[in-house]
Amino acid sequence: MRPEDLCNQFLPVDLCNQSEPEDPSNQLPPRLGATVGLIGAIIITIGFIVDTLGEGIELSETIKKDKIATKEAGQQQSQLQQIHNKLDYLMNEVNEIKRRG
């Protein structure tokens, strides 16, 4: 005998055919936890990518600043060398005038 037949034998038909009340938790889509976990992992990965891009941009800016500072230091060194050469020339001229005079 099937369970349905037993139910019909001992209980009224309308009680045997009633379905169980629906549990609200059964209304969630299947594998919701896995889906939420995947979305979270994707968001974290995007965060890491954005952070890495930010660090790369910061390093690029630092390198540019260092190049500019190195170039300016080279220009200042060149200017100091020119001033030194002019002072040497003037000192030689002053010494030459002293010898003649």
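Analyst: Happy to! A residue is called buried when its relative accessible area is under 20%. This is a predicted model, and buried residues make up 1% of the 101 residues in its chain. The accessible surface of the chain comes to about 9,700 Å², with 61% of that belonging to carbon and sulfur atoms.

User: Why is E96 said to form a salt bridge with R99?

Analyst: The cut-off is 4 Å between a side-chain nitrogen of Lys or Arg and a carboxyl oxygen of Asp or Glu. In E96 and R99 the closest N and O atoms are 2.1 Å apart, so the pair meets that definition. Both residues lie in helix 3, three residues apart, which is about one turn of the helix.

User: And what makes E96 and R100 a salt bridge?

Analyst: Here the closest N and O atoms are 3.5 Å apart, and the limit is again 4 Å, so this pair counts too. E96 and R100 are separated by about one helical turn, because they are four residues apart in helix 3. Salt bridges with shared partners join E96, R99 and R100 into one network. A search of the whole structure finds two salt bridges.

User: Why are R99 and R100 called exposed, but E96 partly exposed?

Analyst: Exposed means over 50% relative accessible area, and partly exposed covers the range from there down to the buried limit of 20%. R99 has 66%, so it counts as exposed. R100, at 69%, is therefore exposed as well. E96 has 27%, so it is partly exposed.

User: What makes D51, E55, E58 and E61 a patch of negative charge?

Analyst: Asp and Glu count as negative, and like charges are joined into a patch within 9 Å. D51, E55, E58 and E61 gather in such a patch on the surface. D51 sits in helix 3 (residues 32-100). Its relative accessibility is 45%, so D51 counts as partly exposed.

User: Which residues form the nonpolar patch, and how is L90 classed?

Analyst: L80, I83, L87, Y89 and L90 form it, and together they have about 540 Å² of accessible area. A residue needs over 30% relative accessible area to be part of a patch. L90 has 47%, so L90 is classed as partly exposed. Its place is in helix 3.

Technical notes:
Residues numbered from 1 in each chain as written. Predicted model: local features only at pLDDT ≥ 70, side-chain atom pairs only at ≥ 80, totals over all residues. Heavy atoms only, no water. Patch = residues over 30% accessible without salt bridge, like charges linked within 9 Å, V, L, I, M, F, W, Y side chains within 5 Å. Areas by Shrake-Rupley, 256 points an atom, 1.4 Å probe, with all protein chains shown as cover. Charge placed at Lys NZ, Arg CZ, Asp CG, Glu CD. Helix = DSSP H or I, 4+ residues; strand = E, 2+ residues; numbered from the N terminus. Buried < 20%, exposed > 50% of the residue type's maximum accessible area, 1.4 Å probe, protein only.
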